[in-house]
Amino acid sequence: MEPAPPRLEIRNLVRRFGGQAVVDHVSLRVMPGQVTCLLGPSGCGKSTTLRMIAGVEMQDEGEIYVDGQLICDTVFRVPPERRAIGLMFQDFALFPHLSVAENVSFGLKGPKEARRARVEELLERVGMVRFIDGYPHELSGGEQQRVALARALAPRPRIMLMDEPFSGLDNRLRDDIRDQTLEILKQEDAAVLLVTHEPDEAMRMADEIALMRAGRIVQQGAPYNIYNAPVDRQAVAFFSDINVIRGEVQGALTNTPFGQFLAPGVPDGHEVEIVIRPQHLKIDFDRGGKGPLPTVQDGVAARGEVVRARFMGSESLVEIRMDYDGSVLKATVPNVFLPAVGKPLWLMFRRDRCFVFPVKG
Ligand SMILES: Nc1ncnc2c1ncn2[C@@H]1O[C@H](COP(=O)(O)OP(=O)(O)OP(=O)(O)O)[C@@H](O)[C@H]1O
Ligand SMILES: [Mg+2]
């Protein structure tokens, strides 16, 4: 048996404004029941990509397929209302003059009783059935969001496109609604493409993250892989603070105050950047002017002095000015660790947690 085609597939989508490609050969696939997050900074082309899939914007190049069927290229085009695609956008608006039930049944066809049953089922699922005869102005922002979700799901879309749909909600409510939404979408077996510029949201929601920058997808994979095998320095920095040290390569190795690092494939004389997240620096105490002994896992320790220590709730952030060149490195430590300013500490780079990238240009 042939494997099922992706529920949604886009191939080489391009959209230009004023000669500039704001979406530049973007390709991706989403299987039924899967959530892919398009993650990237403001202006990188996320919403434009979504609008082309929804059919409200025409691409200049590329194709869109649903269940293996072409729905849009530069010649042929299935109109938006026949694409079986549900939309939830940030500025979603319920119809103010329609009741909750009428809002949810808006896109539904068929006999009245069947529509009413579907509306009740969905409102039950999103926990809003008691508001069925209420009106939007009587609902809080979170409640309106739930109704909007029910409305988007009512026609059983095969694909759900979501553009920062949770950004208007406060944090706590957002986590709850996000989790509920995800559960419902999985039950419906829809393919979900969710746009966000927040890494936490992407990590929380996505089966797969497509990291986008300046119109292109620079990396795509499971959240774990994106976080732990980033393609470049910016990809590391998108998810957390970073520390960077530089070194020059000789014989595929570079010498630094933290010992030697491997730089396979990098030619002699080239510079590399060694990037590490604050939680992966190892901190050790000063023992009469000496630090810990070098190890294979953590390399050589380098000495510095505390310039600032702050308690952040679940962790403490310590900034340390390094003796070797006066630069400041950031380390986070679980729980409370607030060493006095000026206290000498030794830092080590965990070799399994740092990334070595050739410096471009
Ligand atoms: N109709 C248009 N005409 C001209 N330029 C446009 C048009 N639509 C979008 N752009 C430009 O294309 C780029 C990408 O816009 P897009 O809305 O896709 O970004 P985004 O990734 O969704 O950003 P954000 O996170 O801020 O929502 C931006 O520089 C934007 O100004
Ligand atoms: Mg946008």
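Reader: What makes β3 and β8 a pair of strands?
Author: Strand β3 (residues 35-39) and strand β8 are joined in the parallel sense over five bridges. Two strands pair if DSSP finds at least two bridges between them, and therefore the five bridges make β3 and β8 a pair. Within the pair, Val35 stands opposite Val192 in β8. This is a predicted model, in which local features need pLDDT of at least 70 and side-chain atom pairs count only at pLDDT 80 or more, while totals for chains, interfaces and linings use all residues. Residues are numbered from 1 along each chain as its sequence is written, and chains are lettered from A and ligands numbered from 1 in the order in which they are written.

Reader: Which residue stands opposite Leu194 in β8?
Author: Met162 stands opposite Leu194. Strand β7 (residues 159-163) pairs with β8 in the parallel sense, over five bridges. Strands are DSSP runs of E with at least two residues, helices are runs of H or I with at least four, and both are numbered from the N terminus.

Reader: Why is β8 called mostly covered?
Author: A residue is buried if 20 or more other C-beta atoms, placed from the backbone, lie within 10 Å of its own, exposed if 12 or fewer do, and partly exposed in between. In β8 (residues 191-196), six of the six residues are buried. Ala191, Leu193 and Val195 point one way, Val192, Leu194 and Thr196 the other, and all are buried. In a regular strand the side chains alternate between the two faces of the sheet.

Reader: Why is Gly134 called neither buried nor exposed?
Author: Gly134 has 15 other C-beta atoms within 10 Å.

Reader: Which residues does Gly134 touch?
Author: Leaving out residues up to four places away in sequence, Gly134 touches Ser99, Val100 and Leu139. Contact requires C-beta atoms, placed from the backbone, within 7 Å.

Reader: Which members of the largest nonpolar core touch the most other members?
Author: They are Cys37 and Ala150, in a core of 60 residues. A nonpolar core is a set of buried Ala, Val, Leu, Ile, Met, Phe, Trp, Tyr and Cys residues joined through C-beta atoms within 7 Å. Helix α4 (residues 141-153) supplies the largest share of this core, six residues. Cys37 touches, among others beyond four places in sequence, Leu194, Ala202 and Ile209.

Reader: What makes His197 one of the residues around ligand 1?
Author: A residue is near a molecule if its C-beta atom, placed from the backbone, lies within 6 Å of it. His197 belongs to the residues around ligand 1, which also include Phe17, Lys46 and Thr48. Helix α1 (residues 46-54) gives the largest share of this shell, three residues. Seven of the nine residues of α1 are buried, among them Lys46 and Ser47.

Reader: What makes β16 and β17 a hairpin?
Author: β16 and β17 (residues 315-322) pair in the antiparallel sense over seven bridges, with three residues between them. Gly313, in the turn, has a positive phi of about 115°. Arg310 stands opposite Leu317 in β17.

Technical notes. Two residues are in contact if their C-beta atoms, placed from the backbone, lie within 7 Å.
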